[in-house]
Amino acid sequence: MIDTDALCSQVPGMTAPVELRWLHDHAASSPAAVVEVGCSAGRSTIALALGARTTGKTVYAVDPFNGGGATPDPPGNYINQGASFKPFWANLCRFGVQDTVTPIGDYSELAAKKYPGDRIGLLFIDADHTYRYVRMDVDIWGRFLVPGGILALHDSGYPGVRQVINELGSGYADKEELPIFHARKV
Ligand SMILES: C[S@@+](CC[C@H](N)C(=O)[O-])C[C@H]1O[C@@H](n2cnc3c(N)ncnc32)[C@H](O)[C@@H]1O
């Protein structure tokens, strides 16, 4: 069950109720782990976790938790989570989903090196929206998707996100735009 009104009123974020419900429902039906790249205050993480816990799946939450902003070049190695980890975790606790979520507090590229390698059933990318990083996120994390697993990209109107969508080749099928762009790994 997800109460999107409660989630939107209590946790800051830009993800809309219809998108949160979609994330919740697809996390609930995910055949394997769920990975979110770009979590901010945890609004979408909570939606994913409320769905994933119905089948005992884990949500891996990837973010440097440094309060947002562009990715430094090169990305720093965040051994410890940054300053916005505490409010993120407090929000998860408020919604009782902390046992479902495993945070990986680092930039995507470095977080992937710490990832235990679980196969992914739903991959939600909502991090740095510039082409270079969206491309990298899809390449790095997409290889863990099970056949039939779902790749979802938030903010598909951003030029960098759109370019990556346009480049998705025959490795992804059943592309749909709404409410969040998504495609199935072949
Ligand atoms: C748009 S916010 C995410 C919003 C969140 N998905 C929600 O719906 O509430 C973008 C997040 O991406 C994170 N981010 C930026 N660059 C990143 C990177 N290279 N790897 C992982 N996370 C990154 C930022 O720290 C920020 O928290």
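Modeller: The buried residues of α4 pack against α3 and β3 (101–104). This is a predicted model, in which local features need pLDDT of at least 70 and side-chain atom pairs count only at pLDDT 80 or more, while totals for chains, interfaces and linings use all residues. Residues are numbered from 1 along each chain as its sequence is written.

Helices (H or I, at least four residues) and strands (E, at least two) are DSSP runs, numbered from the N terminus. A residue is buried if 20 or more other C-beta atoms lie within 10 Å of its own, exposed if 12 or fewer, and partly exposed in between, with C-beta atoms placed from the backbone. Contact requires that the C-beta atoms of two residues, placed from the backbone, lie within 7 Å.

In helix α4 (residues 85–94), the buried residues are F85, F88, N91 and L92. Viewed down the axis of α4, they fall within an arc of 130° and so line one face of the helix; the arc is that of the directions from the helix axis to the C-beta atoms. Exposed residues K86 and C93 are carried on the face of α4 turned away from its buried side. Just after α4, G96 adopts a positive phi of about 70°.

Helix α3 is mostly covered, with 10 of its 10 residues buried. These are R43, S44, T45, I46, A47, L48, A49, L50, G51 and A52.

Two packed helices are described by the angle between their axes and the distance between the axes. For helix α2 (residues 17–28) and helix α3 (residues 43–52), the axes come within 7 Å and cross at roughly 35°. Axes are lines fitted to C-alpha atoms, for helices over the stretch in contact, and angles run from 0 to 180 degrees between N-to-C directions. On the α2 side the contact involves L20, L23, H24, D25, A27 and A28, and on the α3 side S44, A47, L48, L50, G51 and A52. By class, the residues of this contact are 8 nonpolar, 3 polar and 1 charged. Here Ala, Val, Leu, Ile, Met, Phe, Trp, Tyr, Cys and Pro count as nonpolar, Asp, Glu, Lys and Arg as charged, and the others, Gly among them, as polar.

S40 lies in the loop between β1 and α3, and its phi is near 55°, a positive value in a residue other than glycine. S40 is buried, with 22 other C-beta atoms within 10 Å. F65, in the loop between β2 (59–62) and α4, likewise is not a glycine but has a positive phi of about 50°. F65 counts as buried, with 26 C-beta neighbours inside 10 Å.

P31 is placed in the loop between α2 and β1 (33–37). With 15 C-beta neighbours inside 10 Å, P31 counts as partly exposed.
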